[in-house]
Amino acid sequence: MISIRVIGGLGNQLFQLAAAMYLRDVIGIPVMLDTQFYRNEHSTMDPRSLEIDQLPHGFRLTRGRGNSTRIGALPRVLHRRVVTRGARVLLFNDIVAEVRETNASDETSRALIELSTHEPPFFQSAFIPQRTSTAMRALLETRIPLAFTADSDQPYVGVHSRLGDYLNDRWRNTLGPTDPASLLELGRQLAKKHGDLPIRVFTDSPEVFRRLCPESTVGSYELSAAVSPWDALTEMARSHAFVMSNSTLSWWAAFIATTYRDDPTEVLMPHPWMSRPGTWDELLPLPEWTRFERSLLSDSVDLSEFER
């Protein structure tokens, strides 16, 4: 059995679920999703919940038992374990080394080599979602059917601004919040290009966004009333054109809109994805997306009022 430790919000969970489906199919053994991450509070991030509430056939959930019996499909795969219950424990790097030494060329061997090639971890790339696109569509279309149709009655340009825990010191230094005003400027350019469409903003921090972007200085926009991450994912995916943030939820909205829609959405993707350029910038983009140089929110912005 393969056990995958699920962490993070909906966007990360979808990456991990896609990885689980891929590993299940190419290795050919059952997959367990370990949900113990959601039993604890995490001081450096906003509260998270397990959102993948409709699992494919054959998947099971476990609350986990410490650090035993797990493979990290999302952290560095060479440091995690594939566990075969009963007979023996197989280390992932030993499996890969054996495959390389024997020059094995079957599908499973090729998949194992591919999974061990990339840094950052392979779950933060377009590789797995593209190879599981049919299975992921079947799952997502059941859960959020409206995401697969354009909002033709009242089309809008979507702008996603991830703030929230990106504003704390740890994530500010690694991921970094994008300046919301720069995102709105891109949204205005897309809105004009597509016939002066209205702009709909998706953000986890509406009050902070309003204070940083008063309409008197940035122009008119509407804040999405989406309540759940699934609702936000649906609305973002239905955008006529879309400005991404450096967020996995944003990535999945763009992926759905580009891959599954009959009328693909024009997508602008931030570069670099992290505060500084890295391998993510080569693994995450789809060819159809247009990159923009993102402007980080200035360190001089006083956020103490928002934190209270």
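Student: Tyr260, buried or exposed?
Tutor: Buried, at a relative accessible area of 6%. Buried here is under 20% relative accessible area, with a 1.4 Å probe and protein chains only. Keep in mind that this is a predicted model: local features need pLDDT of at least 70, side-chain atom pairs count only at pLDDT 80 or more, and totals for chains, interfaces and linings use all residues. Residues are numbered from 1 along each chain as its sequence is written, and side-chain values use heavy atoms, with hydrogens and water left out.

Student: OK, aromatics now. How many aromatic pairs are there in the whole structure?
Tutor: The search finds 11. Rings of Phe, Tyr and Trp (its six-membered ring) pair if their centres lie within 6.5 Å; planes under 30 degrees apart are stacked, over 60 edge-to-face, and the rest tilted.

Student: What about Phe15 and Trp251?
Tutor: Their ring centres are 4.8 Å apart and the planes sit at 45°, so that pair is tilted. Phe15 is in helix H1 (residues 10–27) and Trp251 in helix H11 (residues 248–259), 236 residues apart. Helices are DSSP runs (H or I, at least four residues), strands likewise (E, at least two), numbered from the N terminus. Both Phe15 and Trp251 are buried.

Student: And Phe148 with Tyr260, how are the rings placed?
Tutor: Centres 5.4 Å apart, planes at 40°, so tilted. Phe148 is buried, with a relative accessible area of 8%.

Student: Which residues make up the aromatic cluster?
Tutor: Phe15, Phe148, Trp251, Trp252, Phe255, Tyr260 and Trp289.

Conventions:
Buried means under 20% relative accessible area, exposed over 50%, partly exposed in between (1.4 Å probe, protein chains only).
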